[in-house]
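Look at the structure below with its aromatic rings and its nonpolar core in mind. The text after it goes through both.

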Amino acid sequence: MRRFWSDEFKATAVEQACQPGVNVSAVARQIGILPSQLYRWRRELLGSDEPGQAAETTDSQSFVSGPDPIVEIVIGNIVVRAGRHADEAHLQRVIRAVRSA
């Protein structure tokens, strides 16, 4: 039987998985899903599977609010915000530039 999860449940799970130092597989097991499912939700909501490129946020509304959710990438004390349709290559260049500054 296939289960369907609400957008709110997915956003909360992704929020938990994006906390600094959190083990994504442990979060998945804790909420009763496979790690691959949580990685897929994170990729769908944030546009990336790489921990260094995933958003770190405590506001689950940023994942689901408005017509174009905003991804927040926190690097030190700098926050880079981008629409979910932002070009990945461009975001990678921005992240490298911020890290090297």
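What follows starts with the basis of the values, then turns to the core and the rings.

This is a predicted model, in which local features need pLDDT of at least 70 and side-chain atom pairs count only at pLDDT 80 or more, while totals for chains, interfaces and linings use all residues. Residues are numbered from 1 along each chain as its sequence is written, and side-chain values use heavy atoms, with hydrogens and water left out.

The largest nonpolar core has 11 residues, among them A13, V24, A28, I33 and W41. Such a core is a set of buried Ala, Val, Leu, Ile, Met, Phe, Trp, Tyr and Cys residues joined through side-chain atoms within 4.5 Å; buried means under 20% relative accessible area, exposed over 50%, and partly exposed in between (1.4 Å probe, protein chains only). Two or more residues of this core come from each of α1, α2 (24-31) and α3 (35-46). Helices here are DSSP runs (H or I, at least four residues), numbered from the N terminus.

W41 is buried at 2% relative accessibility. Ring pairs link W41 with W5 and F9 into a cluster. Rings of Phe, Tyr and Trp (its six-membered ring) pair if their centres lie within 6.5 Å; planes under 30 degrees apart count as stacked, over 60 as edge-to-face and the rest as tilted. W5 and W41 are edge-to-face, at 6.2 Å centre to centre and 70° between the planes. Because W5 lies in the segment before α1 and W41 in helix α3, this pair ties together parts 36 residues apart in sequence. The rings of F9 and W41 have centres 6.0 Å apart and planes at 90°, so this pair is edge-to-face. W5 is partly exposed, with a relative accessible area of 27%, and F9 is partly exposed at 26%.
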